[in-house]
Amino acid sequence: MSTEQTGALHPGEHLDHEHKPRGITRWLYSTNHKDIGTLYLLFSLAMLFIGGSLAMVIRAELFQPGLQFVDPHFFNQMTTVHGLVMVFGAVMPAFVGLANWMVPLMIGAPDMALPRVNNWSFWILPCAFAILLSTLFMEGGAPAAGWTFYAPLSTTYSSDSTAFFVLAVHLMGVSSIMGAINIIVTIFNMRAPGMTWMKLPLFVWTWLITAFLLIAVMPVLAGVVTMVLTDKYFGTSFFDAAGGGDPVMFQHIFWFFGHPEVYIMILPAFGIISAIIPTFARKPLFGYESMVVATASIAILSFLVWGHHMFTVGMPVAAELFFMYATMLIAVPTGVKVFNWVATMWRGSMTFEVPMMFALAFIVLFTIGGLSGLMLAITPADFQYQDTYFVVAHFHYVLVTGAVFGIIAGVYYWLPKWTGVMYSERLAQTHFWCSLVSVNILFFPMHFVGLAGMPRRIPDYALQFADLNALMSIGGLLFGLSQLLFVWGVVRCMRGVGDKASDRVWEGAQGLEWEIPSPAPYHTFETPPVVK
Amino acid sequence: MSTTHQRYYVPHDSGWPIFGAVALLLVGYGAASWVTQAGKPEGGNGVYIFWAGIALLVVMLFGWFGTVIRESTSGLYSDQLDRSFRQCMAWFIFSEVMFFLAFFGALFYARVIAVPWLGGAGNNAMTGELLWPQFDAVWPVLKTPGGTETQPMPWSGIPLINTLILLASSVTLQVAHTAIELGNRARLKVFLGLTIVLGAVFLGFQVYEYVHAYRDLGLRLDSGIYGNTFFLLTGFHGLHVTIGAILLLVIWLRIVIKDHFTADKHFGFQAAAWYWHFVDVVWLNLFIFVYVL
């Protein structure tokens, strides 16, 4: 093969790369962005069900007041590991999987910038979670300090699972950082000729900014877990006043990571929604430039608002006010996005296939989560809300009906492109309506019990919360079962059952990923397309 | 498109990544077992699992980089791929900057907020009065609220010498860089070698300084927040100097033994050089904020 060649290749021309490895090594040794994207998505799906099972234990215990099934220490392990698995195992890898699949297709790149590093990033993840989940079976049990592992719960008062948790987080960090570097460099360096910055699909833009956030804050997480490790095992006292440290310092460093982290889990969903709404409204996205600027603004502001997680720990009043106003400022770019999505639909010729249904549910329900976030941002009001179920309601609205609904919408939207067959619309609509109803039965009452004072992370509660808790537990079980319909729909497509999908799949779809055949060939854009 | 386009090299399947993932699994699991088993009478196997993982990681680095070098020298890599490498290295160094920022953040928070508050600053008068009445809130914290005592590490002796050594090593590395671009191989070998020697001398002095701290000053990792920040910041920096020196040594061996790199293609050299300069800048901040101020 000559290394120099002209760009005028025929689309169907096959070169020596056009082999498709078979068997298990195809997955173990892969350098193909589509295969690695599939691996990420399947891993994330498995983690969704593991994390969901832990949530079922929580909801079973909370079905009635009093202690029914588990002791409080095990309950704490469940809330902790549920949070860690969902954040680092389900939501983040799902977005990385979607980026792997779609970013090269959307920008006309032959693959990710460094395909072997890409494979390494993925395979570190199952290793990290093997370490984390192994603590469930250890003496003393899994981490029980909450997913935020505040010191001294994670240092002085923890079991030896802390060491395994810390090393697992280090591995997750290595995976995330390498994955993010790969994505950011792919977007910077691998765009097809003519794919200028302001032509990039919004999913690419949001992932570019997400990748920047990941590279900036995952090392800070690595730093803070290292301090937890040395505090517990090497006699340091970063988070111990007796040695001149401060437990509040843990919260500052953790939330300096933690707040950008929550945007890491929502910005790519914004990108997905910004792809789906125009397709099914059959209109270009309203206010593209303002969407880009809004995404960047949210990312910059995310570094300045971490203190709003800590209003009750005893910060100076000036700091509380700063963090309150900075947090409220985030409502402005977020509002720009919501209004832009609504304006995109205005007078569009809308149809309501399942990706659109999930996207519409996202806009409404994510906005509810955003508005309860604004309530939490008000410092004096937060003194009432802090550590209640109102907070749990807030972040489950933004993470489940926000991030997870965004992921599901994206999966239905691109599934025909990946597998070459249409999913069953009836099955998917059933999945949508079951999810929509059950998720609101599950999370909406949490607002009420939270405002009435039910604390989070406690296995027992006062009698007046009993009815709503029973209702929420039923909602949780239904929501979990509804996701089996999702698995069924996806498995059907993976096995090739269903109507053949056209190349464009959706009538209103725009972008390079719809110019290639369905299913997407093993290698695409080996010669860059020219974008006009 | 009228211009010619060199195909972006997408490698075939490779076993090294998953090999490396298993190595990291052993490193992580081994390290965690090790710290939980250390000091207990029954001991444990964590230490062996950890070092087995490190050994596998070294094997992976040799194998993986060997493949990359073979691919590169056989002309498979385009300018575009070269840019990918450069950008990846730059972002990697940015992530390292953020890692150090977490520890510098801890240092600043302790000095500016935590320690004064323990002494009763702000609205914490009762904290100081009731909990730690005898605590003197000054930096460095030579007597912790809990009563652990230590002595400060002066900046004027070894730290100052080490600063000059690292600054000199950045200059020699720059000379080596100019030499490789001019094709002056002899000067390249001498000055790159000199840089590595300076790095090794720096590390030697640091080991001496640590021994001095532990034996003579009673300054230890567990001597309260001053010792904590001192040893974690200088320790992680020392680890990075070690990694940087190994990188430069590998590059030097590749130049001396295999005659790798040319005047216009030497990304491996550059990446190691960037890393070294980064480590140098971190040290300057350390010298100012940990030792002098």
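The structure is a predicted model. Chain A comprises 16 helices and one strand, and its contact with chain B takes 69 residues from chain A and 61 residues from chain B. Chain B, for its part, is divided into two domains, with domain 1 covering 1–77 and domain 2 covering 78–292.

**Chain A as a whole**

- A compact globule of 532 residues would have a radius of gyration near 24 Å, and because chain A has 23 Å, its value agrees with that expectation.
- Along its principal axes, the C-alpha trace of chain A spans about 70 × 50 × 45 Å, and 58% of the 532 residues of the chain count as buried.
- When contacts in chain A between residues at least 6 apart in sequence are considered, 84% of them join residues at least 24 apart.

**The contact between chains A and B**

- From chain A the contact draws 69 residues, and from chain B it draws 61 residues.
- On the side of chain A that touches chain B, the elements giving two or more residues are the strand β1 (4–6) and the helices α1 (25–28), α4 (115–134), α5 (161–189), α6 (202–233) and α7 (247–264) of chain A.
- Of these elements, α5(A) gives the most to that side, with 13 residues.
- By class, the residues on the side of chain A that touches chain B divide into 42 nonpolar, 21 polar and six charged.

**The two domains of chain B**

- The C-alpha centres of domain 1 of chain B and domain 2 of chain B lie 25 Å apart, and the contact between these domains takes four residues from domain 1 and four residues from domain 2.
- The side of domain 1 of chain B that touches domain 2 of chain B has three nonpolar residues and one polar residue, with no charged residues.

**Helix α6 of chain B**

- Helix α6(B), residues 185–217, has 33 residues and reaches 46 Å from its first C-alpha to its last, which is close to the 48 Å expected at 1.5 Å a residue.
- The buried residues in α6(B) include Leu188(B), Phe191(B), Leu192(B), Ile196(B), Leu198(B) and Phe202(B), and also among them are Thr195(B), Gly199(B), Glu209(B) and Ala213(B).
- Just after α6(B), Gly218(B) takes a positive phi of about 65 degrees.

Methods. Residues numbered from 1 in each chain as written. Chains lettered and ligands numbered in written order. Predicted model: local features only at pLDDT ≥ 70, side-chain atom pairs only at ≥ 80, totals over all residues. Contact = placed C-beta atoms within 7 Å. Helix = DSSP H or I, 4+ residues; strand = E, 2+ residues; numbered from the N terminus. Nonpolar A, V, L, I, M, F, W, Y, C, P; charged D, E, K, R; others polar. Domains from an automatic or database assignment. Rg over C-alpha atoms; globule rule 2.2 N^0.38 Å. Buried ≥ 20, exposed ≤ 12 C-beta atoms within 10 Å, placed from the backbone. Expected span 1.5 Å × (residues − 1).
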